[in-house]
Amino acid sequence: MLRIEHFTKTYRSKVAVDDLTLHIAPGEICGFIGHNGAGKTTTLKACCGILQFDKGAITVNGHSILTDPIACKRDLAYIPDNPDLYEFLTGIQYLNFVADIYEVSKTDRNQRIAHYGNLLGMTEDLTLKISECSHGMKQKIALIAALIHKPRLILMDEPFVGLDPIASHQLKNVMAQHCAEGGAILFSTHVLEVAEKLCHKIAIIKGGKLVASGTMEDVRGQASLEQVFLDLEDTL
Amino acid sequence: MIRTLVSLRFRALFTGLIVQRQKKNKSSKGTVILFAFLFLYVFAVVAGMMGFTFYSLAQPYHMLGLDWLYFSMAGLMGLGFAVLGSVFTTQNQLYDAKDNPLLLSMPIPPRIILLSRMIPLLAMNLLFGGLVIVPATVVYAIFVEFSIVGLLLQLLCLAGIAVLAQAISCLLGWLLHLLLSKLNKSLASVLYLVVFLGIYFYVYSQAGEILTAIVMESQQIASILSKWVWPLYAMGMGCLENGGLLLAFLGICAVCFAAVYAILSATFLRSATMSSVSRKRQKLNLKTSKTAPPVNAIVGKELRKFLGSPVYLTNLGVGLLMAAALTVAGVIFREDLLSAFSMIPGFTDLIPLLICAVLSFLISTMYISAPSVSLEGKNIWILKSLPVSGKDILNAKLLFHCRMTVPLCGICGFVLALAYG
């Protein structure tokens, strides 16, 4: 589904991500863990075509994000950590906008908006202007917008920040359901307990370099993910 | 504490000028110097215009023995200029400042937060008032009478005018804040701009007559001012070395400022935290939703952004307003314009060229699509992550621009061609 090969991104003289290789197959949820400034957001943004990069290759279902970005973007959805949405639109206007770009039919979009709106408790709040929404409400709108076209790959940057407990629980169910249906998810998080329960694979990044990756069992072993992460931070 | 807060406000003001927000790095020295030069140029032009205006008043008033009226008029104009120039900034800085919640959560009395915001605004009022009063003072010193004491007193009066303008701006800013919490901000801004432009063009077109009237009716104006607007009379006399009246004027300015400060201090917490958010929920009706092709979806988004952004609308939508006004005015004043044109030999043949030139000028002010990419700002990630090419995005923005301008300009050109053909 997603193949990142020797991905390197440099900002002026600083190497943000250095020679990162990561593969995510259909049906997998991969947790991306690292300290602040490790390169998680840079990697996610490069995967969805927001950032250009210096070296390496990123492909989504065989399409290169550099040479065929439109084909890649049709299959994926991105949810940033801080959802800066169009403040001048209402939630429903934003969702319709995204649905129009993805050419989602009226029936499908209405059905999905109703479904995810009810699931996340957002239905009535979709009529509010986004400028009037709280951070958590914006996060939910961004989430519904990401799911409206039934993407194959979902890229999420700290998706649980700002969500209430019910919405967090529902999001975990949605993620599990998505992968059960053959989709894939790459998400970054600082909440290691969630990563332990949800993820099939883990990738730990430190200072732009991938320091550990593999299945949860391979990476964690008998210890907790937190212990593994802290040990890696100390030793490297 | 107050010094820290005030220096923070000034730093925020200057950082906004020298740091490029999108690139998040300092502008080059060259850019800073260029901006400084541009500001100085604008100030010089405005000061020059004011100097020229007061030149036409200085000697006539001096000959009539109404030197005090000269300074009172300067004070009145300076007051008006300062208030007009700062009222929106005052409202924004006092009540819509982004760090209000942060500062209010700290052990800082609200009145101190308010004062720290008012001090930079006072500096702004000093600058705007100075653009009027300093040229008036210089013109008087050069063409009527030069006196060091007089100059110092006139500059003191400038300080008084700045304080008075601050008090009036704060009150108007408070009213504006109440109004904006009820009204759509874009609509309010456009309304303000239309009224402001209307007044500006009227005054500009009648400037000669107004100046003549100010000179011819000087005795009546003097009588009205000294009877009904005594502080301005006191200011005018104070500039002519009448110490007692100068102190009275400065006292009145200080009292007005203190009174406004006291009222605003008492209400600041409530006003600053008054939300303009209505959170009025409507029932979601998915049946009324419509689909659109991707390019049209972006055009629709651009329209909503244009109408929802006061700055975007007022800066780039003025040309649209002017084109509509030109269409109407061109028909209404057809006879007057044709008779005026006929007084210039051969000018009637140039009317089609004139219409094209005027229309071209208006179109050149409607550069709606030019800043639309940079105006995406922090939302750029949305378009970048969606399956739509850069070419389609730019075409959509251009299409929006054309849809806004082409029909209106077409109608304007057609109507004018018919009216003057």
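1. Secondary structure of chain B. Chain B of this predicted model comprises 18 helices and 2 strands. Helices (H or I, at least four residues) and strands (E, at least two) are DSSP runs, numbered from the N terminus. Residues are numbered from 1 along each chain as its sequence is written, and chains are lettered from A and ligands numbered from 1 in the order in which they are written. Because the model is predicted, local features need pLDDT of at least 70, side-chain atom pairs count only at pLDDT 80 or more, and totals for chains, interfaces and linings use all residues, while side-chain values use heavy atoms, with hydrogens and water left out.

2. Dimensions and surface of chain B. Taken along the principal axes, the box filled by the C-alpha atoms of chain B is roughly 75 × 75 × 45 Å. Chain B has 421 residues, of which 38% count as buried; buried means under 20% relative accessible area, exposed over 50%, and partly exposed in between (1.4 Å probe, protein chains only).

3. Among the contacts in chain B with a separation of 6 or more, 83% are accounted for by residues 24 or more positions apart. Contact means heavy atoms within 4.5 Å.

4. Helices α3 and α10 of chain B. Two packed helices are described by the angle between their axes and the distance between the axes. In chain B, the axes of helix α3 (residues 67-95) and helix α10 (residues 230-238) come within 7 Å and cross at roughly 120°. That angle makes α3(B) oblique to α10(B). Axes are lines fitted to C-alpha atoms, for helices over the stretch in contact, and angles run from 0 to 180 degrees between N-to-C directions. Angles under 35 degrees count as roughly parallel, over 145 as roughly antiparallel, 65 to 115 as roughly perpendicular and the rest as oblique. The crossing of α3(B) and α10(B) is right-handed; a crossing is left-handed if the near helix is turned anticlockwise from the far one by less than a right angle, and right-handed if clockwise.

5. Residues joining α3 and α10. From α3(B), the contact draws on B:W68, B:F71, B:S72, B:G75 and B:L76, and from α10(B) on B:L232, B:Y233, B:M235, B:G236 and B:M237. By class, the contact of α3(B) with α10(B) has 7 nonpolar, 3 polar and no charged residues. Ala, Val, Leu, Ile, Met, Phe, Trp, Tyr, Cys and Pro count as nonpolar, Asp, Glu, Lys and Arg as charged, and the others, Gly among them, as polar.

6. B:S72 within this contact. B:S72 belongs to helix α3 of chain B and is buried, its relative accessible area being 0%. Leaving aside residues up to four places away in sequence, B:S72 touches B:L225, B:L232, B:Y233 and B:G236.

7. Helices α2 and α5 of chain B. Helix α2 (residues 29-63) and helix α5 (residues 110-143) of chain B have axes that come within 8 Å and cross at roughly 45°. This makes α2(B) oblique to α5(B), and the crossing is right-handed. Residues of α2(B) in the contact include B:F43, B:M50, B:F54 and B:H62, and those of α5(B) include B:L127, B:P135, B:Y140 and B:F143. The residues of the contact of α2(B) with α5(B) divide into 15 nonpolar, 3 polar and no charged.

8. B:K29 is placed in helix α2 of chain B and is exposed, with a relative accessible area of 71%. The C-alpha atoms of B:K29 and B:Y233 are separated by 47 Å, the two residues being 204 residues apart along the chain. B:H401, in helix α18 (residues 390-420) of chain B, is buried at a relative accessible area of 16%. Not counting residues up to four places away in sequence, B:H401 touches B:M366, B:Y367, B:I368 and B:S369.

9. Positive phi values in chain A. A:H6 has phi near 50°, a positive value in a residue other than glycine. A:H6 sits in strand β1 (residues 2-11) of chain A and counts as partly exposed, at 45% relative accessibility. For A:E158 phi is also near 50°, again positive in a residue other than glycine. A:E158 is found in the loop between β7 (153-157) and α6 (165-180) of chain A and is buried, with a relative accessible area of 18%.

10. A:T107. Helix α4 (residues 106-119) of chain A holds A:T107, which counts as exposed at 61% relative accessibility. A:T107 and A:N96 are 11 residues apart along the chain, with their C-alpha atoms separated by 12 Å.
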